[in-house]
Amino acid sequence: MDTKEAIFMTRGDGENSYAQLSCLTQKVNAVTKPLLENAVRSLFSSKGFHVHGVLNIADLGCAAGPNAFSIISTVKETVEMKSRELNYQTPELQFYLNDLPGNDFNTLFRGLTYENSCFLAGVPGSFHGRLFPRKSLHLVHSSYSVHWLSQVPKGLTSREGLALNKGNIYISKTSSPLVREAYLTQFEEDFTMFLRSRSEEVVPNGCAVLILHGRQSPDPSSKECCTTWGLIAGAIAALISEGLIEEEKLDSFNVPYYTPSAKEVQDVVEREG
């Protein structure tokens, strides 16, 4: 199945849904809130900001739940505060909430309230390509999304069709250098396309706030980014030992996810310009 069709957060608002279990990303948004506020304030110094009286904001990989609500509130409150400070008329706000087509947009929009001068629209599609018209966005925000890859990295099987990451679902201490290189290459390709697409969509002097799950260690198999995937692989291995899952399914499955270092992110940004 195509990755774009298969990946989505658990739907609904029950006890096992992403809407109820997104506490980690809620904490991340709370910590990074000042960065988003500063980005919004910086827009008021951009030339021609009030030409049309509308501020277009895209939240990429919005999922469904309180995280999207908090982003909207932060932007709205900061815009209103800065407008009062400068004695400007508060611009209307257009929010574009984006995620893959399998995202639970119904739950997302049921939890949102429409207010005057604040308009909302859902945009299904992959942020690894173009989503919006040229020079239409003032602010792009994405939290804990860009480290998801557009596909499982290429090159994880040998010419003979054998799995190169046998027994794992992500990079681990037992993974060969070829596996690590394949993951980094896929991330670089995807992040390049992400930046290239946004560069066409964002207005001059616009802003992007991107929050990724990263790592401090130069080693992509370090515990800080691989422990969870290792535990899941171990759980699958236990199911195999009980005869509930075929071993081939574990060997052929790799998650389309990469935890980059700050340098790896910076390298792509600088190469893309």
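Select helix H4, residues 66-86, in this predicted model. Its buried residues are Asn-67, Ala-68, Ile-71, Ile-72, Thr-74, Val-75, Lys-76, Thr-78, Val-79, Lys-82 and Ser-83. Just after H4, Asn-87 has a positive phi of about 60°.

Now show the sheet. The five strands form an open sheet with parallel pairing, in the order S3-S2-S1-S4-S5. Strand S3 (118-124) and strand S5 (202-211) are at the edges; each has a single partner strand, so one side of each lacks a neighbour in the sheet. On average, neighbouring strands are turned by 20° against each other, direction ignored. Zoom in on S4 and S5, which pair over six bridges in the parallel sense. Here Leu-137 stands opposite Val-202 in S5.

Bring H4 back: this helix packs on the sheet and touches S1, S2 (92-99), S3 and S4, with its direction at about 160° to that of S2.

Finally, turn to the nonpolar cores. The largest has 34 residues, and Leu-60, Tyr-170, Tyr-183 and Phe-191 have the most contacts inside it. S1 (54-60), S4 (137-143), H6 (177-201), H7 (223-241) and H9 (262-272) each supply at least two of its residues. The largest share, seven residues, comes from H6. Apart from this core lies another, of 27 residues, including Ile-57, Ile-71, Leu-93 and Leu-97.

Last, select Tyr-170: among its contacts beyond four places in sequence are Tyr-183, Cys-225, Trp-229 and Tyr-257.

Notes
Residues are numbered from 1 along each chain as its sequence is written. This is a predicted model: local features need pLDDT of at least 70, side-chain atom pairs count only at pLDDT 80 or more; totals for chains, interfaces and linings use all residues. Side-chain values use heavy atoms; hydrogens and water are left out. A nonpolar core is a set of buried Ala, Val, Leu, Ile, Met, Phe, Trp, Tyr and Cys residues joined through side-chain atoms within 4.5 Å. Buried means under 20% relative accessible area, exposed over 50%, partly exposed in between (1.4 Å probe, protein chains only). Helices (H or I, at least four residues) and strands (E, at least two) are DSSP runs, numbered from the N terminus. Contact means heavy atoms within 4.5 Å. The expected span of a helix is 1.5 Å times one less than its number of residues. Two strands pair if DSSP finds at least two bridges between them. Axes are lines fitted to C-alpha atoms, for helices over the stretch in contact, and angles run from 0 to 180 degrees between N-to-C directions.
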